[in-house]
Amino acid sequence: MTDARAASSASRLAGSIIPGAGHLAAGRAARGLTFLLPWLACASVAVGARHRIAAMPATGSLDDRIAVVTLGFLLVAIWVGAAFDLRSPPRVPGPGDSQWLIAARHFNRNRLAVAGSWLILALYAAMLLAPLLSPWDPIAQANISQTTFLPPSGQHLFGTDRLGRDIFSRVLYGSRISLTIGFVATAISVTLGTLLGAMAGYAGGRVDSVIMRFTDLVLSFPRLVLLILIVALFDRSLLVLILVLGLTQWPTTTRIVRGDVLSLREREFVQAAIALGYRTPRILFRHVIPNVLAPVIVSATLGIGNTIVLEAGLSFLGLGPPPPAPTWGGIVNDGGSSLINAWWVATFPGLTIVLVVLAFNLVGDGLRDALDPRLR
Amino acid sequence: MGSYVLRRLLGAIPLLLGIATLIFFVLHLAPGDPTAFLFGPGIPPEVIEQTRRNYGLDQPLALQYLHWIAAMARGDFGWSLTQGRTVSAILREALPNTIVLSLSTLILVFVLGVLTGVYQAVRQYTIGDNILSVAALFFYSMPSFWLAMMLVLIFALKAYQWGWPFALPATGITSVDYEFLSTAARIGDRLKYLVLPVTTLTLALVAGVSRYARGQMLEVVRQDFIRTARAKGLPESRVILKHALRNSLIPVITLLGLYLPFLFSGAVFVEYIFAWPGMGRVIVDAILQRDYPVIMATSFIFSTLTVAGSLIADILYAWADPRIRYD
């Protein structure tokens, strides 16, 4: 008894110094590592960039400050999270568990999907920490005669391009454009798609047929052509890209949601809500939409990957944010003209796109399996 | 059946009209003038005015719209603003090239997709199934323009550099000396130029089909009539290839009709990279040069083919599956 108490207090002591160490001492290795490894990664970034952090108060730009604040937040948040997790007893599966908890447990068993979600988290962190991670400026050109087309090495992980810029830094900063567009555009399209689909399915009749005819129309329009058209004719700013990508992707979500709402409308709990005299918005937002969220989340996850590929395609055609802004598609296009003598310029940003999109697709598939009771 | 087809065909007309309207107004609400690209500085305003009048750009928008719709109904797509010939002439040149590319891709995607799907379903959860699933997702996640570039890098540029016997051409549709080749050599030449573009498109699209075919196959295999077939003592190959495959093919066919939009947008990149003179290139060039009549005609044709694809898919579905009745 005293031994067990001593061991537990020892593990608490270890855990209060290094997050996850307490879990390791208590024999919960897997859970401990999920705290320990990210924390160590953040700590090593802090150590590696200590000179720049020290110089920050004098010279730092807003970018740098955001990066430092993010780093500090991550270090503290992981530490606090680990400490709380160590104190609370491990959850055992039981009959009172919510649907989301059951789904989360299924998701955690899918190793590929878990790996994908870690990769996505790491990428979003890297996006915010970019100034501390990349030793080079993504845009400034140094002495071109000495730095042009350097092959990948310890100094330049992914090599340099025609103008002597470090590809790794450009890819890192490019993630800001791609990941932001992917996230915001998908948020727009999913919100719009869910609302339209719920309206069409719930109202039925004329509203339904008008919305669905319009959906068919947008679906049968070649999306890439529409995107190229609008971006080429209007403006190549980030805002236009986000709006255009967001406002052309909703039909798939609308179709899914409408189909589900059609059958939900006839279910007893919705009929009961109607009989109780609730107003339509309340029924829609409190009773109907929460029940279609599972497929919506899946389509949103897959949609982010899809949007990132599309954005890269537009940048590749020269229709993304104008140079010298680093975009993944734009770097691949740059590399296209020097494929023979500098294969690394086009290869690495493309590989990054593949990895990111693969991660989103793996997570989406994992969510689909976890959230749908029939597929568990 | 006949009335269903007729009803669907009639229903497609307002859809196409809506698409044409959308194209027209998106294009004409955009800032900028299509003739701006034709003139350098120092051109007298009367000339610009006359050109605008020649192209009918001085008329009110509503009138231009009606003219355009009426002309399209007659099959007249107007004159290109930048190429000095009719849009129909441009389309006649580009459309066959895109159709060759798309059709060969579609056939390959279908055959390969169904084969891998059936293999995966029969060997569910084995190593082979898992490897194929991950590989499919990998190619599915890949932007087609990057895949195209990597194929060019390895199978055209590096293969040539390293002296591999099968170095493939990276751009174009025929060799320079195509005119002087014999018929057999011509076919070989064209096939050689098809390999890389078709491979790119196929790899990008096959993942979805194989995955769908796998799911369908798994669903069919669990049904009672398959158990009956096995209980009768039929050999397993016959059960799978005859009884199960036929029933799982129906939804896959419809999927192919729905794949046309993806095929076209893939073709835009592939044609751009491989300098394939098809619709994708025409449309990108036209958009960048603001050649309004060409943009309107090409995007309308793309949309029409998309609508036709889903229509054919639905009709095939109704025809192939007697359980489905659309009345």
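In the predicted model, 32 residues of chain A are in contact with 37 residues of chain B, two residues being in contact if their C-beta atoms, placed from the backbone, lie within 7 Å. On the side of chain A that touches chain B, two or more residues each come from helix 10 (205-220), helix 11 (223-233), helix 16 (293-316), helix 17 (328-336) and helix 18 (343-371) of chain A. Helices (H or I, at least four residues) and strands (E, at least two) are DSSP runs, numbered from the N terminus. By class, this side of chain A holds 24 nonpolar, six polar and two charged residues. Ala, Val, Leu, Ile, Met, Phe, Trp, Tyr, Cys and Pro count as nonpolar, Asp, Glu, Lys and Arg as charged, and the others, Gly among them, as polar.

Residues are numbered from 1 along each chain as its sequence is written, while chains are lettered from A and ligands numbered from 1 in the order in which they are written. Because the model is predicted, local features need pLDDT of at least 70 and side-chain atom pairs count only at pLDDT 80 or more, whereas totals for chains, interfaces and linings use all residues.

Within chain A, the axes of helix 3 (residues 29-48) and helix 5 (residues 62-87) come within 10 Å and cross at roughly 155°. Axes are lines fitted to C-alpha atoms, for helices over the stretch in contact, and angles run from 0 to 180 degrees between N-to-C directions. Helix 3 and helix 5 of chain A are therefore roughly antiparallel to each other (a term for angles over 145 degrees). The contact involves Phe35(A), Pro38(A) and Trp39(A), among others, of helix 3 of chain A, and residues including Leu71(A), Leu74(A) and Leu75(A) of helix 5 of chain A. The residues of this contact comprise 13 nonpolar, one polar and no charged.

Chain B contains twelve helices and zero strands. The C-alpha trace of chain B spans about 85 × 60 × 40 Å along its principal axes. Of the 327 residues in chain B, 33% are buried. A residue is buried if 20 or more other C-beta atoms lie within 10 Å of its own, exposed if 12 or fewer, and partly exposed in between, with C-beta atoms placed from the backbone. Among contacts in chain B between residues at least 6 apart in sequence, 72% join residues at least 24 apart.

Glu219(B) lies in helix 7 (residues 183-221) of chain B. Glu219(B) counts as partly exposed because it has 14 C-beta neighbours inside 10 Å. The C-alpha atoms of Glu219(B) and Ala244(B) are separated by 9.4 Å, the two residues being 25 apart along the chain.

Note on methods. Angles under 35 degrees count as roughly parallel, over 145 as roughly antiparallel, 65 to 115 as roughly perpendicular and the rest as oblique.
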